[in-house]
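Today I'm looking at how chains touch each other in a model. Here is what I opened.

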4 protein chains.
Amino acid sequence: MKKDKPKYKQIIDAAVVVIAENGYHHAQVSKIAKQAGVADGTIYLYFKNKEDILISLFEEKMGQFVRSIRSRMAGKENAVEQLEVLIESHFYMLSEDYHLAIVTQLELRQSNKDIRLKINEVLKEYLLLVDEILHNGVKKQIFSEELDIRLARQMVFGTIDEVVTTWVINEQKYDITKLAPEIHSLLVKALSK
Amino acid sequence: MKKDKPKYKQIIDAAVVVIAENGYHHAQVSKIAKQAGVADGTIYLYFKNKEDILISLFEEKMGQFVRSIRSRMAGKENAVEQLEVLIESHFYMLSEDYHLAIVTQLELRQSNKDIRLKINEVLKEYLLLVDEILHNGVKKQIFSEELDIRLARQMVFGTIDEVVTTWVINEQKYDITKLAPEIHSLLVKALSK
Amino acid sequence: MKKDKPKYKQIIDAAVVVIAENGYHHAQVSKIAKQAGVADGTIYLYFKNKEDILISLFEEKMGQFVRSIRSRMAGKENAVEQLEVLIESHFYMLSEDYHLAIVTQLELRQSNKDIRLKINEVLKEYLLLVDEILHNGVKKQIFSEELDIRLARQMVFGTIDEVVTTWVINEQKYDITKLAPEIHSLLVKALSK
Amino acid sequence: MKKDKPKYKQIIDAAVVVIAENGYHHAQVSKIAKQAGVADGTIYLYFKNKEDILISLFEEKMGQFVRSIRSRMAGKENAVEQLEVLIESHFYMLSEDYHLAIVTQLELRQSNKDIRLKINEVLKEYLLLVDEILHNGVKKQIFSEELDIRLARQMVFGTIDEVVTTWVINEQKYDITKLAPEIHSLLVKALSK
DNA sequence: GATGAATGAGCATTCATTCAT
DNA sequence: AATGAATGAATGCTCATTCAT
């Protein structure tokens, strides 16, 4: 399995750094190869083309992201607590990975439609997680029984994403993890009966 | 003033059509010129460079957007009603301009960081409007007195933006104006005491 | 009409020189542009792509070639004399254009299948000319009435082509036009009753 | 002697198949290795480089070709009969080896000038055979005493080669061996007194 | 003011060859 | 002898911008 070979992850990590530091449009394959400490051609032993690097990057990182949130959520049965963990984890993990935050919030959004469609596929995993929390909350009668899950999910994701993007645009000048309680409180109020 | 000459608007409208129909990355200056019925070189008599077209496009359209919402809000003193008008207007205006919705929600976001920063400058006008509503609501004790205006604004804008983007990605298959009451209700619950 | 603009012919002539001097595989577009005294991008105002340059080169030169032979044949009614003119003209014209001889006999044959198919299309004009001479000779009972035109044409073309290629491979060390009478005599003997 | 080891021939036969099926420009060393059932690196234990495979291929196959014709000619003393055997054998052997015909008539001609020059070296064996027949015919006063052997050889080879190439381009749709008598007859007429 | 022909910088990808195992 | 992962040089084409007319 190619994904388990060390150079696979090595190249993806190099791509994150190069894109974050140079911007999407100046992230040439040769720069990524240099950063990864391999020859240009080696990239193509692990990835079909440049597009494939970006999609794999997102899959790999977003996969970890969702798995990590799920494991942190383990044991929490209450939807309010689950949402708390989701927000805290989301903010915490991006605050711990400076480069990844820039890449996911700003740079990867410049990619063409094909790449973004594939990225959206990957995002669905995250959105499903949000849906699970919302369904749980409604079932346990913590959230409003008339809640439109689809719209509520858009509010939750839209709010979190906007807060993170604003923080990245402001060059991460403040501690985003400190915003979690207030965001959580706002969202819970919106969702509750 | 260049902005008052007919070709200025002619070129901006051409840019909206060309970007919406071809996508950001296939919207060459020569295509925009053709659509506007002018020579390539003529573009540069009205705009410094391609970047300037895009920023001007956003300024022009977002300016109209905010002015239009303000005029619809005239007479409403209640923050809850004002927010209602904001959401309804936002959804209504984009639902009336198919091309503009695609351009602002999907295509222009593919531009590079520099352009997006300038676009954010222009967005501030809209965000100020949101802030005004929120301040008003807090002052009139309709919204929670402990509301963090900055975060609340990010929630309002993030939610509205995500709802619109989802609608555009789904090719505007449903009537977005019908979602306004529910979104309004969710946000008001979040903001209220 | 693009073909009538001076730069069209200028680029084709440059391509002949560059290919003859550097070989097919080292004839980069940038070298052709430099030789033609234009920018790389200018090439693409006149030709769809590199392949198109090569096909156009062959069309242009082979077209002239056939037209030139036809005009030299004007007035000759006798198939034996027509064949004489054909051979003499063929040898003479290539002996006058050192670079073109190299390009048509050696370099262009390295092109890929697509290009060679299109080149073969163009060659058909020449082969039709040979057919006309052969038909004429048979009709006038100068050539054998049982002549298989298709095979005879392959003999005529194969012989002429091999003689020219041998001369080019030997770096044109001898005067090929002096070989015309003997080749003519051999072919006429073969074709005659 | 490397040429006697089984893998030597194995690689050459693989090269014929791969070139015939994929075309010269898509016949990568790795494909040849795969077809031969060896590792890429193994190729380089038997051949200096890719060029060397192609030249060796031609040497090996053309050597067999000439030896085979010579053995079929054994016993024929008459130049006319010898030429008959040459043409028949040439056509017969290529009609029996579908892949080889494609490779020698079409694909190998796309190789660069250096390789083609070396291939021509190998071809000399064949041309010497033609020369022998011609000399024999002249000595025995069957062929014209004034025959220019060099030009006559070019006619014989050029004609045969063109007939075979035309047959291969037409995807071997007809039986080329049936053309031998007519080609023989044309050539004998040309060469005779 | 308006034109549009000309410019030229910039980059993903392939594949023959090597060499540590 | 045999392997196959790794190497890295080499190039066609696009398109924003200019400037002579």
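I started with one pair: E107(B) makes a salt bridge with K113(A), and their closest N and O atoms sit 3.7 Å apart. My rule for a salt bridge is a side-chain nitrogen of Lys or Arg within 4 Å of a carboxyl oxygen of Asp or Glu. Across the interface of chain B and chain A, that rule finds 2 salt bridges.

Note on the source: this is a predicted model, where local features need pLDDT of at least 70 and side-chain atom pairs count only at pLDDT 80 or more, while totals for chains, interfaces and linings use all residues. Residues are numbered from 1 along each chain as its sequence is written, chains are lettered from A in the order in which they are written, and side-chain values use heavy atoms, with hydrogens and water left out.

Next I looked up the contact (heavy atoms within 4.5 Å): 37 residues of chain B meet 37 residues of chain A. Chain B and chain A bury about 2800 Å² between them, with 60% of it on carbon and sulfur atoms; buried area is the accessible area (1.4 Å probe) that two parts lose on being put together, summed over both. L151(B), Q154(B) and L186(B) supply 20% of what chain B buries against chain A, more than any other three residues.

Then I turned to chains C and D. Here 37 residues from chain C and 37 residues from chain D take part, and the buried area is about 2800 Å². I counted 2 salt bridges between chain C and chain D. E107(D) forms one with K113(C), closest N and O atoms 3.7 Å apart.
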